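This briefing covers one protein chain, topic by topic. Please have the sequence and the structure open while reading.

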Amino acid sequence: MMPTSVMHHKLRLGMHFRILTICFVMIGFIANAQIAEQEIDVRDILESVVENLPDDYDITELIEVLTKLRKHPINLNKTTVEELKTLVFLSPLQISNFFNHIKENGKFVDVLELQTIDGFDTRTIQSLLPFVTLNANTEYEKLTFKNIINLGENDLVIRYAQTLQKQKGFTDLPGNRYLGSPERFQARYRYNYGTIVSAAITIDKDAGEKFIGKPFDFFSGNVSLFKLGRVKKLVVGDYALQFGQGLTLWSGFSFGKGPDVTSIAKKDLGLKPYTSANEYSFFRGTSATINLYKNIDITPFVSFRKLDASQDIDFDENLVQSTINQTGLHRTPSEIENKSSLSQRIFGAAIQYTKNELSIGAIVYQSKYGENFVTQPAVYDRFSFSGNSLTNIGLHYNYTYKNIYFFGEAGKSLNSGLAYINGALISLSSTVSAAVTYRNYAKDYHNFFNQSAAESSEATNEKGLYAGLNIIPNKRWAFSVYGDYFQFPWLKYRVDAPSKGYEILSQAVYTPSKTFKVLVRFKTENKQQNTDLDVPINFLDDIKKEGYRLELNWQLNKKFSFQNRAEVSQYKKGDANPEFGYLIYQDVNYAPMFSRFSGNLRIAYFNTPSYNSRIYTYEDDVLYSSAFGMYSGKGFRTYLNLKYKLAKKLNVWTRYAMFIYKDVETVGSYLDEIQGSKKSELKIQLRYQF
């Protein structure tokens, strides 16, 4: 006989699912008002790749690249490996197969020839079509001052945003409080002349930062030249470096694990101009990629920056570093005191040999800081970096053999640990592809620019084995599944013993027509953490998180399309009672062709017992912006985005978003606390192209 507690739990789950189903159906019929048709393609791609990024990650670079490629598609008969790597939905094996096809069959006569390439399934081709062409390349390749002035493209965006309720930090508090104004401002200017000259300027002010005196707290910019004979790239100003699998040197945007299992293999772009508003993950100085001889390129680089950091006094009364602040926020007296307090000097070079299906690279660079880093008293911090100078070296490779793409990298921090990762992407058949990787990162591997595949935020103190499958049996069905088993040989924050865990994801997508799609996903994750019990010696409890998703996308006509989603999260730690949370929402997109006006609306209801069972989901925003909605507690979420074409080259966006929480007296915490149960935001953006 079933125990009473289990029966009650099952009945409660059944009741929740019935409520979800009823609400899901009812909300599905709410209508009125998003982006133009070309931007919906970008949105679908973004939502498929951003879910496994940190919730505060700035993906402006990715949005900018995809938006630019919509306007200036890639010419498939003149493209390069590096250019195709910018298309985030293409795997390295697919890119290799693409060029093998051209090598064996010659140039494309029709775009539909993509269907004959191994690994190019219907979904990949549908994602690819908006960004490619076979038309003659119309860009202007003559680098003259007259052409730069007369034929270049200019893009200016100005954005204002503000939380409408007054937050605690803006009240007249004694001690720590926000010293600036609540508005957020950003302006970005981009210039492009074909693919041979670009320039970028970004200025930004966060909420709480001072506006008087120095109105914009963050300034970033660069000038870049391409295709100058042996000088393939030259960037002066702010830039990013992305090599190998991200183990030795990677800055800027990076993906983690996702439903597309082939994304576990990184696609390095080498040197690139930095255009994001993220205030930490970039270099400032100059770098160039130079062809030394035939298949050998070298990329020397030098960077000088001032970083935000908190400083302490050691036992000998010397100034030392404790932590680097990566948020870029300068609102309170302590944040302002830490601003630009640590000098950083970096110099080094990367060399790459590429011929046919083989690519081998080596990296060496030194990071030097103005003050010494010291390890903290906590036992888990024993193997952290100390000192003020760090030298990193690394080797990486990739090689395509028939239907297998091999990749890997080894990194070493001198006088400390070794880290390595190896893997393969395998095309098992025309409908099945697989990915497998093994990683081993020493507990004393030190690196300030490390974004290799990992379960933890830094690729250190970790071993793991990842395996996954993509199965696309026909045009209607697509399946993906992966498993990742990981171990942490040394202690971690809030984990006072070696620990282990696993993650499993499975997803099915059914697309019977161009106007209808169903997605079902299950994800489970098990990790270990110190018990919450008050005991003399901490022991580890298992933390189990599960997520279930059902999503419908359907298009009513040429003007209206809809997205419905129901998502469930479950959380359990040790022997404590499990938490059950859920989210349901309705998106309505209004995008008539040849109209000045478009928009989108979301109405959502969420109910999660605590932060532990929170649910993240992608939210539409104004152009070149993105949002990760974090749904925690109980209440409603709604937002409305509107776009209006004021003139041929002038567009305006407005966004109003609001949380309404139930059974609370305040929203937020510490200095962001708001009295009441509502939190709303207004955003206005202007874009002028000339």
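Lysine 463 has glutamine 487 in S20 as its bridge partner. The model is a predicted one, in which local features need pLDDT of at least 70, side-chain atom pairs count only at pLDDT 80 or more, and totals for chains, interfaces and linings use all residues. Residues are numbered from 1 along each chain as its sequence is written, and side-chain values use heavy atoms, with hydrogens and water left out.

- S19 and strand S20 (residues 477-488) pair in the antiparallel sense, with 9 bridges; two strands count as paired if DSSP finds at least two bridges between them.
- A hairpin of 5 residues joins S19 to S20.
- Strand S18 (residues 432-441) also pairs with S19 in the antiparallel sense, over 10 bridges.
- Opposite glutamate 462 in S19 stands tyrosine 441.
- S19 spans residues 462-471, and its covered face consists of Glu462, Gly464, Tyr466, Gly468 and Asn470.
- The uncovered face of S19 holds Lys463, Leu465, Ala467, Leu469 and Ile471.

**Whole chain**

- The protein chain has 8 helices and 33 strands; helices (H or I, at least four residues) and strands (E, at least two) are DSSP runs, numbered from the N terminus.
- Of the 690 residues in the protein chain, 49% are buried; buried means under 20% relative accessible area, exposed over 50%, and partly exposed in between, with a 1.4 Å probe and protein chains only.
- The accessible surface of the protein chain is about 33000 Å², and carbon and sulfur atoms account for 59% of that surface; the areas come from the Shrake-Rupley method with a 1.4 Å probe, and for residues only the protein chains shown count as cover.

**Salt bridges**

- Side chains of opposite charge can pair when their charged atoms come close.
- The structure holds 30 salt bridges, each a side-chain nitrogen of Lys or Arg within 4 Å of a carboxyl oxygen of Asp or Glu.
- Arginine 184 and glutamate 681 form a salt bridge through their side chains, at 2.3 Å from N to O.
- Because arginine 184 lies in strand S4 (residues 184-193) and glutamate 681 in strand S33 (residues 678-689), this pair ties together parts that are 497 residues apart in sequence.
- Arginine 184 is partly exposed, at 24% relative accessibility, while glutamate 681 is buried, at 17%.
- The side chains of aspartate 217 and lysine 339 also meet in a salt bridge, at 2.9 Å from N to O.
- Aspartate 217 lies in the loop between strand S5 (197-205) and strand S6 (218-228), and lysine 339 in the loop between helix H8 (333-338) and strand S13 (342-355), so the pair links parts that are 122 residues apart in sequence.
- Aspartate 217 is buried at 13% relative accessibility, and lysine 339 is partly exposed at 26%.
- Arginine 655 meets glutamate 619 in a salt bridge between side chains, at 3.2 Å from N to O.
- Arginine 655 belongs to strand S30 (residues 650-661) and glutamate 619 to strand S27 (residues 615-619), so the pair ties together parts that are 36 residues apart in sequence.
- Arginine 655 is buried, with a relative accessible area of 3%, and glutamate 619 is buried, with 1%.
- Salt bridges with shared partners join Lys257, Arg439, Glu455, Glu462, Asp484, Glu503, Lys523, Glu525 and Lys527 into one network.

**Nonpolar surface patch**

- Tyr353, Ile360, Tyr397, Tyr399, Tyr401 and Phe406 form a nonpolar patch on the surface, together exposing about 520 Å² of accessible area.
- Patches consist of residues with over 30% relative accessible area and no salt bridge; like charges are joined within 9 Å, and nonpolar side chains (Val, Leu, Ile, Met, Phe, Trp, Tyr) within 5 Å.
- Strand S15 (residues 387-401) gives the largest share of the nonpolar patch, 3 residues.
- Phenylalanine 406 lies in strand S16 (residues 404-413) and is partly exposed at 32% relative accessibility.
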